Amino acid sequence: DRVFTVLATINVHEQDKKDNDKDKNLIGYEEFIFFFLSEEDKTNPTSLRFWFRCIDIDGDGVIRPWELRYFYDHQLVRMQSYSHEVVPFADIMCQMHDCLVPNTEGAIVLSDFLHPHRIKISGMLFNVLFNLNKFIAFEQRDPFIIRQQHEQPGLSDWDRYAINEYSRLAQAEEQRELEESCELNSWESQKVNDYPY
(Lines give C-alpha, C1' and ligand atoms only; values in the text may rest on other atoms or scores of the structure.)
Protein backbone atom coordinates (compact mmCIF):
# COMPACT_ATOMS: atom_id res chain seq x y z
CA ASP A 1 0.00 0.00 0.00
CA ARG A 2 2.83 2.39 0.82
CA VAL A 3 4.30 2.09 -2.68
CA PHE A 4 1.03 3.10 -4.30
CA THR A 5 0.46 5.87 -1.78
CA VAL A 6 3.77 7.43 -2.80
CA LEU A 7 3.14 6.63 -6.45
CA ALA A 8 -0.13 8.56 -6.30
CA THR A 9 1.84 11.68 -5.34
CA ILE A 10 3.98 11.50 -8.48
CA ASN A 11 2.87 14.42 -10.66
CA VAL A 12 3.44 13.14 -14.18
CA HIS A 13 0.95 15.49 -15.83
CA GLU A 14 -1.00 18.19 -14.00
CA GLN A 15 -4.20 17.55 -16.01
CA ASP A 16 -4.08 13.81 -15.35
CA LYS A 17 -3.62 14.58 -11.65
CA LYS A 18 -6.83 16.68 -11.67
CA ASP A 19 -8.69 13.90 -13.46
CA ASN A 20 -7.48 11.31 -10.92
CA ASP A 21 -8.63 13.36 -7.92
CA LYS A 22 -11.97 11.57 -8.29
CA ASP A 23 -10.46 8.21 -7.32
CA LYS A 24 -7.28 8.18 -5.22
CA ASN A 25 -6.97 4.38 -5.58
CA LEU A 26 -6.17 4.56 -9.29
CA ILE A 27 -2.92 5.29 -11.04
CA GLY A 28 -2.61 6.29 -14.66
CA TYR A 29 -0.55 4.82 -17.44
CA GLU A 30 2.35 7.23 -16.86
CA GLU A 31 2.48 6.41 -13.15
CA PHE A 32 2.44 2.70 -13.94
CA ILE A 33 5.33 3.09 -16.38
CA PHE A 34 7.21 5.17 -13.81
CA PHE A 35 6.65 2.44 -11.22
CA PHE A 36 7.64 -0.35 -13.62
CA LEU A 37 10.88 1.38 -14.61
CA SER A 38 11.62 2.13 -10.95
CA GLU A 39 11.02 -1.49 -10.02
CA GLU A 40 13.21 -2.97 -12.74
CA ASP A 41 16.12 -0.54 -12.51
CA LYS A 42 17.02 0.55 -9.01
CA THR A 43 20.38 1.94 -10.14
CA ASN A 44 19.28 5.35 -11.37
CA PRO A 45 18.73 8.46 -9.22
CA THR A 46 15.04 8.90 -10.10
CA SER A 47 14.24 5.35 -9.07
CA LEU A 48 16.28 5.60 -5.88
CA ARG A 49 14.47 8.82 -4.91
CA PHE A 50 11.11 7.11 -5.41
CA TRP A 51 12.00 4.07 -3.28
CA PHE A 52 13.58 6.28 -0.64
CA ARG A 53 10.29 8.21 -0.34
CA CYS A 54 8.45 4.89 0.01
CA ILE A 55 10.53 3.84 3.00
CA ASP A 56 10.74 7.27 4.63
CA ILE A 57 7.38 6.85 6.36
CA ASP A 58 7.60 9.98 8.50
CA GLY A 59 8.93 12.09 5.61
CA ASP A 60 11.87 13.52 7.56
CA GLY A 61 14.44 12.70 4.85
CA VAL A 62 16.11 10.02 6.98
CA ILE A 63 15.50 6.27 6.92
CA ARG A 64 15.82 4.82 10.40
CA PRO A 65 15.88 1.19 11.55
CA TRP A 66 12.22 1.26 12.66
CA GLU A 67 11.15 2.20 9.11
CA LEU A 68 13.30 -0.54 7.62
CA ARG A 69 11.93 -3.00 10.17
CA TYR A 70 8.33 -2.12 9.28
CA PHE A 71 8.86 -3.23 5.67
CA TYR A 72 11.20 -6.10 6.46
CA ASP A 73 8.60 -7.69 8.74
CA HIS A 74 6.37 -8.09 5.67
CA GLN A 75 9.21 -9.84 3.85
CA LEU A 76 9.74 -12.13 6.85
CA VAL A 77 6.15 -13.32 6.56
CA ARG A 78 6.65 -14.00 2.85
CA MET A 79 9.93 -15.87 3.44
CA GLN A 80 8.30 -18.03 6.09
CA SER A 81 5.28 -18.76 3.89
CA TYR A 82 7.64 -19.99 1.13
CA SER A 83 9.70 -21.97 3.67
CA HIS A 84 12.73 -19.92 2.73
CA GLU A 85 15.60 -19.47 5.14
CA VAL A 86 14.90 -16.32 7.16
CA VAL A 87 17.65 -13.72 7.24
CA PRO A 88 17.72 -11.94 10.62
CA PHE A 89 17.00 -8.21 10.54
CA ALA A 90 20.29 -7.51 12.36
CA ASP A 91 22.17 -9.13 9.45
CA ILE A 92 20.26 -6.98 6.96
CA MET A 93 21.11 -3.84 8.92
CA CYS A 94 24.78 -4.81 9.06
CA GLN A 95 24.89 -5.49 5.30
CA MET A 96 23.16 -2.21 4.52
CA HIS A 97 25.49 -0.18 6.72
CA ASP A 98 28.50 -1.87 5.11
CA CYS A 99 27.07 -1.22 1.64
CA LEU A 100 25.88 2.37 2.10
CA VAL A 101 28.39 3.61 4.70
CA PRO A 102 26.08 6.27 6.18
CA ASN A 103 27.66 9.19 8.05
CA THR A 104 25.49 8.47 11.09
CA GLU A 105 24.84 4.90 12.16
CA GLY A 106 21.13 4.14 12.07
CA ALA A 107 20.34 7.15 9.87
CA ILE A 108 20.42 6.61 6.11
CA VAL A 109 19.88 9.65 3.90
CA LEU A 110 19.24 9.86 0.17
CA SER A 111 22.80 10.97 -0.59
CA ASP A 112 24.03 7.64 0.84
CA PHE A 113 22.16 5.88 -1.99
CA LEU A 114 23.22 8.37 -4.66
CA HIS A 115 26.95 8.29 -3.88
CA PRO A 116 28.76 7.55 -7.19
CA HIS A 117 30.68 4.59 -5.74
CA ARG A 118 27.54 2.98 -4.30
CA ILE A 119 24.70 3.88 -6.69
CA LYS A 120 24.94 0.60 -8.63
CA ILE A 121 24.45 -1.55 -5.52
CA SER A 122 22.47 0.68 -3.17
CA GLY A 123 19.13 -0.22 -4.75
CA MET A 124 19.48 -3.73 -3.36
CA LEU A 125 18.17 -2.41 -0.03
CA PHE A 126 14.86 -1.71 -1.73
CA ASN A 127 14.73 -5.24 -3.16
CA VAL A 128 15.33 -6.58 0.34
CA LEU A 129 12.28 -4.68 1.54
CA PHE A 130 9.92 -4.87 -1.44
CA ASN A 131 10.84 -7.62 -3.91
CA LEU A 132 11.33 -11.07 -2.40
CA ASN A 133 12.35 -12.72 -5.69
CA LYS A 134 15.16 -10.23 -6.30
CA PHE A 135 16.19 -10.40 -2.65
CA ILE A 136 16.48 -14.19 -2.79
CA ALA A 137 18.38 -13.97 -6.10
CA PHE A 138 20.79 -11.53 -4.47
CA GLU A 139 21.24 -13.78 -1.44
CA GLN A 140 21.94 -16.80 -3.65
CA ARG A 141 24.05 -14.82 -6.21
CA ASP A 142 24.01 -16.83 -9.43
CA PRO A 143 27.63 -16.89 -10.76
CA PHE A 144 26.34 -16.76 -14.36
CA ILE A 145 24.51 -13.48 -13.72
CA ILE A 146 27.51 -12.00 -11.91
CA ARG A 147 29.76 -12.92 -14.85
CA GLN A 148 27.24 -11.44 -17.28
CA GLN A 149 27.18 -8.16 -15.34
CA HIS A 150 30.98 -7.96 -15.35
CA GLU A 151 31.13 -8.68 -19.09
CA GLN A 152 28.68 -5.87 -19.86
CA PRO A 153 29.27 -3.19 -17.21
CA GLY A 154 27.71 -0.44 -19.36
CA LEU A 155 24.26 -2.03 -19.25
CA SER A 156 21.78 -0.86 -16.65
CA ASP A 157 19.43 -3.21 -14.83
CA TRP A 158 16.68 -1.98 -17.18
CA ASP A 159 18.82 -2.86 -20.23
CA ARG A 160 19.40 -6.37 -18.85
CA TYR A 161 15.69 -6.76 -18.08
CA ALA A 162 14.71 -5.64 -21.60
CA ILE A 163 17.23 -8.01 -23.22
CA ASN A 164 16.04 -10.95 -21.11
CA GLU A 165 12.36 -10.21 -21.76
CA TYR A 166 12.97 -9.81 -25.49
CA SER A 167 14.77 -13.17 -25.57
CA ARG A 168 12.01 -14.81 -23.56
CA LEU A 169 9.28 -13.42 -25.83
CA ALA A 170 11.21 -14.36 -28.99
CA GLN A 171 11.63 -17.94 -27.73
CA ALA A 172 7.93 -18.13 -26.85
CA GLU A 173 7.00 -16.85 -30.31
CA GLU A 174 9.36 -19.33 -31.95
CA GLN A 175 7.85 -22.15 -29.87
CA ARG A 176 4.32 -21.05 -30.81
CA GLU A 177 5.21 -20.98 -34.52
CA LEU A 178 6.81 -24.43 -34.23
CA GLU A 179 3.69 -25.83 -32.55
CA GLU A 180 1.43 -24.26 -35.20
CA SER A 181 3.64 -25.70 -37.95
CA CYS A 182 3.49 -29.17 -36.36
CA GLU A 183 -0.31 -28.91 -35.99
CA LEU A 184 -0.66 -27.82 -39.63
CA ASN A 185 1.60 -30.64 -40.85
CA SER A 186 -0.31 -33.13 -38.70
CA TRP A 187 -3.64 -31.84 -40.01
CA GLU A 188 -2.45 -31.99 -43.64
CA SER A 189 -1.08 -35.54 -43.26
CA GLN A 190 -4.34 -36.59 -41.57
CA LYS A 191 -6.29 -35.05 -44.46
CA VAL A 192 -4.21 -36.95 -47.05
CA ASN A 193 -4.62 -40.24 -45.14
CA ASP A 194 -8.38 -39.76 -44.74
CA TYR A 195 -9.02 -38.95 -48.40
CA PRO A 196 -6.72 -40.99 -50.66
CA TYR A 197 -7.01 -40.14 -54.36
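Because the model is predicted, local features need pLDDT of at least 70 and side-chain atom pairs count only at pLDDT 80 or more, whereas totals for chains, interfaces and linings use all residues. Residues are numbered from 1 along each chain as its sequence is written, and side-chain values use heavy atoms, with hydrogens and water left out.

The protein has 12 helices and 2 strands. Helices (H or I, at least four residues) and strands (E, at least two) are DSSP runs, numbered from the N terminus. Along the sequence, these elements follow the pattern α-α-α-α-β-α-α-β-α-α-α-α-α-α. Of the 197 residues, 31% count as buried. Here buried means under 20% relative accessible area, exposed means over 50%, and partly exposed lies in between (1.4 Å probe, protein chains only). Among the contacts with a separation of 6 or more, 56% come from residues 24 or more positions apart; a contact means heavy atoms within 4.5 Å.

Two helices were compared with their expected span, which is 1.5 Å times one less than the number of residues. Helix 3 has 12 residues, and the distance from its first C-alpha to its last is 16 Å, close to the 16 Å expected. The buried residues of helix 3 are E31, F35, S38, E39 and E40. Helix 5 (residues 65-81) has 17 residues and should span 24 Å; its end C-alpha atoms are 24 Å apart, which agrees. Helix 5 also bends by about 25° at F71, where the bend at a residue is the angle between axes fitted to the seven residues ending there and the seven starting there. F71 is itself buried, as are E67, L68, Y72, Q75, L76 and M79 in helix 5. The helix is followed by S83, which has a positive phi, near 55°.

Charged side chains were examined next. Side chains of opposite charge can pair when their charged atoms come close. A salt bridge is a side-chain nitrogen of Lys or Arg within 4 Å of a carboxyl oxygen of Asp or Glu. By this criterion, a search of the whole structure finds 7 salt bridges. One of them joins K134 and E39, with the closest N and O atoms 3.6 Å apart. K134 lies in helix 10 (residues 132-140) and E39 in helix 3 (residues 29-40), so this pair ties together parts that are 95 residues apart in sequence. K134 is partly exposed, at 22% relative accessible area, whereas E39 counts as buried, at 11%.

A salt bridge is also found between the side chains of D60 and R64, at 3.4 Å from N to O. Both residues are partly exposed: D60 has a relative accessible area of 37% and R64 one of 31%. A further salt bridge links R168 to E165, with the closest N and O atoms 2.7 Å apart. Both residues lie in helix 12 (residues 157-194), 3 residues apart, about one turn of the helix. R168 is partly exposed at 45% relative accessibility, and E165 is partly exposed at 24%. Elsewhere, salt bridges that share partners join E39, E40, K42 and K134 into one network.

M124 is found in helix 9 (residues 124-130) and counts as buried, at 17% relative accessibility. Not counting residues up to four places away in sequence, M124 touches K134 and F138. M124 and K42 are 82 residues apart in sequence, yet their C-alpha atoms are 7.5 Å apart in space.

D112, in helix 7 (residues 110-114), gives a contrasting case. D112 is buried yet has no salt bridge, and the nearest side chain of opposite charge, R118, is 4.6 Å away. For this comparison, Lys and Arg count as positive and Asp and Glu as negative, while His and the chain ends are not counted. Leaving aside neighbours within four places in sequence, D112 is in contact with L100, V101, P102, N103, A107 and R118.

Cysteines were considered last. A disulfide is a covalent bond between the sulfur atoms of two cysteines. With a disulfide taken as a pair of cysteine sulfur atoms within 2.5 Å, the structure holds 0 disulfides. C54 is buried, with a relative accessible area of 0%, and C99 is buried, with 18%.
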